[in-house]
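User: I am new to this structure and should like to understand the reasons behind the terms used to describe it. Please take me through them one at a time.

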Amino acid sequence: MKIIKNKLAKLVTSQSNVLNNIPMSALSLGIAGLIPFWGLAVLTIILDAPFKNFAVQAEITYGAVILSFLGGMHWGFAAMNSRHVSWLSLGWGVTPSLIAWGALFLSPSLGLILLIIGFSAAGIIDFRVFATNRDNTWFGKLRTILSIGTITALVLALSFGNFF
């Protein structure tokens with residue numbers, strides 16, 4: 001146990017420049033939000049039908065909920081700061097929900113692809129929006145970390161889930 005603790009401490013220390021200034025509560029909850037993505041991705045790889053079908057549908061549904069949440073954040077920012085009230089910002093705020101909704105109606109492979117595109121776009125846009133915000137630069141870092149984790153899990157499910 002002590003060896004694991006030391007290795008974990010070393011890993012966190014070596015990555016501290018990336019994780020610097022991200023509040024522990026936000027980092028912990030964000031990482032916890034990756035657990036369903038990774039758990040369901042693994043299940044889509046190791047299970048056989050009909051359980052595989054349930055796991056991939058659960059993955060797509062969870063992804064749709066989270067992607068919708070990411071769009072809704074932009075409406076919340078607009079409500080808190082008039083600088084974010086624009087057609088572009090609010091328009092983007094509804095776009096992830098529409099992408100996510102569409103993913104629910106597609107075949108598993110196409111649904112996963114659409115979610116990968118949606119999370120990629122959300123990650124890029126959020127990084128650009130929040131990297132320039134001096135008060136909350138940590139949020140852009142966190143969104144990048146979580147986007148990479150999410151997209152990787154979706155790509156694994158798509159690549160090894162044999163849905164084609």
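Predicted model: local features only at pLDDT ≥ 70, side-chain atom pairs only at ≥ 80, totals over all residues.

Analyst: Tryptophan 101 is found in helix α5.

User: What makes serine 97 partly exposed?

Analyst: Serine 97, which is placed in helix α5, has a relative accessible area of 28%. Buried would require a value under 20%, and exposed a value over 50%. The 28% of serine 97 falls in between, so the residue is partly exposed. The C-alpha atom of serine 97 is separated by 9.3 Å from that of glycine 118, a residue 21 places away along the chain.

User: How do you know that histidine 74 is buried?

Analyst: Its relative accessible area is 3%. Since buried means under 20%, histidine 74 qualifies. Histidine 74 belongs to helix α4. Leaving aside residues up to four places away in sequence, histidine 74 touches Ser89, Trp92, Gly93, Ile125, Asp126, Val129 and Phe130.

User: Which residues of α6 are buried, and what covers them?

Analyst: The buried residues of α6 are Ser109, Gly111, Leu112, Leu115, Ile116, Gly118, Phe119, Ala122, Gly123, Asp126 and Phe130. Their cover includes α3 (24–46), α4, α5 and α7.

User: How do you know that the length of helix α6 agrees with its number of residues?

Analyst: Helix α6 covers residues 108–131, which is 24 residues. The expected span is 1.5 Å times one less than the number of residues, so α6 should span 34 Å. The C-alpha atoms at its ends are 33 Å apart, which agrees.

User: What does the protein as a whole consist of?

Analyst: The protein has seven helices and zero strands. Buried residues account for 35% of its 164 residues. Of the contacts between residues at least 6 apart in sequence, 71% join residues at least 24 apart.

User: How many aromatic pairs are there, and why is the pair of phenylalanine 77 and phenylalanine 139 called edge-to-face?

Analyst: The structure holds five aromatic pairs. The ring centres of phenylalanine 77 and phenylalanine 139 are 6.1 Å apart, and their planes meet at 80°. Centres within 6.5 Å make a pair, and planes over 60 degrees apart make it edge-to-face. Both conditions hold, so the pair is edge-to-face. Phenylalanine 77 lies in helix α4 (residues 51–80) and phenylalanine 139 in helix α7 (residues 137–160), so the pair ties together parts 62 residues apart in sequence.

User: What makes the pair of tryptophan 101 and phenylalanine 105 edge-to-face?

Analyst: Their centres are 5.2 Å apart, with 85° between the planes. Because the angle is over 60 degrees, the pair is edge-to-face. Both tryptophan 101 and phenylalanine 105 are exposed. Elsewhere, ring pairs link Phe37, Tyr62 and Phe119 into a cluster.

User: Which residues make the nonpolar surface patch?

Analyst: The patch, of about 670 Å², is made by Trp75, Val94, Leu98, Trp101, Leu104 and Phe105. Helix α5 (residues 87–103) supplies the largest share, three residues.

Note on methods:
Residues numbered from 1 in each chain as written. Heavy atoms only, no water. Helix = DSSP H or I, 4+ residues; strand = E, 2+ residues; numbered from the N terminus. Buried < 20%, exposed > 50% of the residue type's maximum accessible area, 1.4 Å probe, protein only. Contact = heavy atoms within 4.5 Å. Phe/Tyr/Trp six-rings, centres within 6.5 Å; stacked < 30°, edge-to-face > 60°. Patch = residues over 30% accessible without salt bridge, like charges linked within 9 Å, V, L, I, M, F, W, Y side chains within 5 Å. Areas by Shrake-Rupley, 256 points an atom, 1.4 Å probe, with all protein chains shown as cover. Salt bridge = Lys/Arg side-chain N within 4 Å of Asp/Glu carboxyl O.
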